[in-house]
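Dear colleague,

I am passing on the structure we spoke about, together with some notes on what turned up when I went through it. Please open it next to this message and read the two together.

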Amino acid sequence: MAERRSELGRREFLRVAGAGALAASTSILPGGAAALAAQGPSPHELPPLPYAPDALEPYYSQQTVELHHGKHHAAYVKGLNEAEAKIAEMAQSGDFGQAKATCKALAFHGSGHVLHSVFWTNMRPGGGGDPQGPLAYALSLEFRSVDAAKSLFVAATNAVEGSGWGVLAYVPETNRLVILQAEKHENLTQWGAIPLLVCDVWEHAYYLQYQNKRADWVAAFMEHLVNWDDVAARFEAARRR
Ligand code: MN
């Protein structure tokens, strides 16, 4: 039996190897798998703002938006690309001595890029109000009412220790909506949580305009800026995953 299994294994290997050679020789895969592997993944790019930088005035000043997007978010994109380049370098050299620092940078800058990308689309001129439809129903089911969900989001966001975020997320694994804090960008999450609504409470997010009054910034975000249509669309997409 062992011999037979071994023979089958060899035959299977040859079949797969043959298919690979065929694919490479006839360019069934665009560019060939080996060429793709050598090239590595494309670098990340700073997504454009979905509105003009002054569109969120007077609740979010043009100067803050321009610095926040063009300098701070851009720095996370750069840091993420650098971390990924370092990973490619380690994979090529076989020297994984920088694994700890690189994986930490990947979590920090990668989370920073993801959260800021969600954040910009979570706002719109003339935002605020309340969610409607399935999102409103799901929030009421989870937190008793939309008002309670909003109050918990505000309280959690205001109380973030140091630099971080308030986060409303959907967790496919448990089919639940959760309100979380994030310290820095990557700490205090539930694994698998997909961010739907995020509010940045790093000082760079509000200090120029709101100085030390974090709660005033969070109140303005909820009452005048939040784009519930975007949050609802993210909820629908997350539930389909
Ligand atoms: Mn930020």
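Gly166 has Gln181 as its bridge partner in strand β2, and I begin with this pair while reminding you that the whole model is a predicted one. Trp165 stands opposite Ala182, which also belongs to β2. Both pairs sit in the antiparallel arrangement of β1, residues 164-171, with β2, where eight bridges join the two strands. The hairpin that β1 and β2 form has four residues between its strands, and Asn175 in this hairpin takes a positive phi near 55°.

Seen as a whole, the sheet is open and holds three strands in the order β2-β1-β3, with antiparallel pairing. Because β2 (176-183) and β3 (194-200) stand at the edges and each have a single partner strand, one side of each is left without a neighbour in the sheet. On average, and with direction ignored, neighbouring strands are turned by 20° against each other. Helix α6, residues 146-158, lies across β1, β2 and β3, and runs at about 15° to β2.

Which residues coordinate the manganese ion? The donors are His68 (NE2), His116 (NE2), Asp200 (OD) and His204 (NE2), at 1.9 to 2.2 Å. Along the chain these donors follow the spacing H-x47-H-x83-D-x3-H. Distant parts of the chain are linked here, since His68 lies in helix α3 and Asp200 in strand β3, 132 residues apart.

Helix α3 (residues 62-93) packs with helix α7 (residues 203-210) at an angle of about 160°, and their axes are 10 Å apart. Because angles over 145 degrees count as roughly antiparallel, α3 is described as roughly antiparallel to α7. The crossing of these two helices is right-handed.

Pro134, Leu135 and Ala138 of α5 make the contact with Trp228, Val231, Ala232, Phe235, Glu236 and Arg239 of α9. Here the classes come to seven nonpolar, no polar and two charged residues.

Finally, two details of the backbone deserve a look while you have the model open. Glu57 and Pro58 are joined by a cis peptide bond, with omega about 0°, and Pro58 is found in the loop between α2 (33-39) and α3. Lys184, a residue other than glycine, has a positive phi near 50°, and Lys184 is found in the loop between β2 and β3.

Terms used. Residues numbered from 1 in each chain as written. Predicted model: local features only at pLDDT ≥ 70, side-chain atom pairs only at ≥ 80, totals over all residues. Heavy atoms only, no water. Axes fitted to C-alpha atoms, helices over the stretch in contact; angles between N-to-C directions. Parallel < 35°, antiparallel > 145°, perpendicular 65-115°, else oblique. Left-handed = near helix turned anticlockwise from the far one by under 90°. Pairing = 2+ DSSP bridges. Contact = heavy atoms within 4.5 Å. Donors = N, O, S within 2.8 Å, 3.2 Å for Na, K, Ca; no water. Nonpolar A, V, L, I, M, F, W, Y, C, P; charged D, E, K, R; others polar.
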